[in-house]
Amino acid sequence: MKRGLLILFIFVITIAIVIGTCGALSSRNRYTLQIANLEDILTIEMTKDGNNMMITNMDKISDIVNMILEVKRVTKVASVGDYPSNTDDVIQLKITSRSDEKDTLYIYEKNQKSFIEKPYNGIYQISKEEYDIINNYLSEKI
């Protein structure tokens with residue numbers, strides 16, 4: 001009887017360790033998209049295919065930032081480089097804040113899906129509509 005309880009105890013402890021390890025591993029690599037607070041942002045510089053646009057109007061800055069942060073973006077897909085790989089039509093956003101810090105984001109389409117990538121942070125999926133809204137800001141200048 002004692003032997004059976006010992007085996008059951010070891011089995012339960014083993015299962016608890018396995019479940020705990022799997023849970024820790026699955027939640028370990030989560031990335032959250034974070035940029036400067038809206039009230040600290042001075043400019044957003046947008047660049048695509050050599051077309052450059054500097055946005056200083058706070059209403060437009062607010063529209064872009066709120067759209068990016070409207071949905072709490074979380075991903076398990078890491079960004080491991082300075083620039084998105086294997087994609088064309090990349091829109092670069094350089095967000096400058098009062099402390100002269102710059103957040104760089106890349107917005108692009110790949111395999112008929114749209115993404116925001118923050119270098120060395122994460123790759124976040126966005127809707128086609130969100131991509132089009134940002135892309136249209138550059139079209140206004142052209």
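Where is the place of D100? Select D100 and you will find it in the loop between β5 (91-97) and β6 (102-110), where strands are DSSP runs of E with at least two residues and helices are runs of H or I with at least four, numbered from the N terminus. This is a predicted model, in which local features need pLDDT of at least 70 and side-chain atom pairs count only at pLDDT 80 or more, while totals for chains, interfaces and linings use all residues. Residues are numbered from 1 along each chain as its sequence is written, and side-chain values use heavy atoms, with hydrogens and water left out.

The phi of D100 is near 65°, a positive value in a residue other than glycine, and D100 is exposed, with a relative accessible area of 63% (exposed means over 50%, buried under 20%, and partly exposed in between, with a 1.4 Å probe and protein chains only).

Now select helix α2 (residues 58-70), whose 13 residues reach 17 Å from first C-alpha to last, close to the 18 Å expected at 1.5 Å a residue, the expected span being 1.5 Å times one less than the number of residues. Colour I61, S62, I64, V65, M67 and I68, the buried residues of α2. At the start of α2, a side-chain oxygen of N57 reaches to within 2.7 Å of the backbone nitrogen of D59.

Finish at I15 in helix α1 (residues 2-28), which counts as partly exposed at 37% relative accessibility.

How values were computed: Polar contact = N/O pair within 3.5 Å; in protein donor to acceptor, adjacent residues only side chain to side chain.
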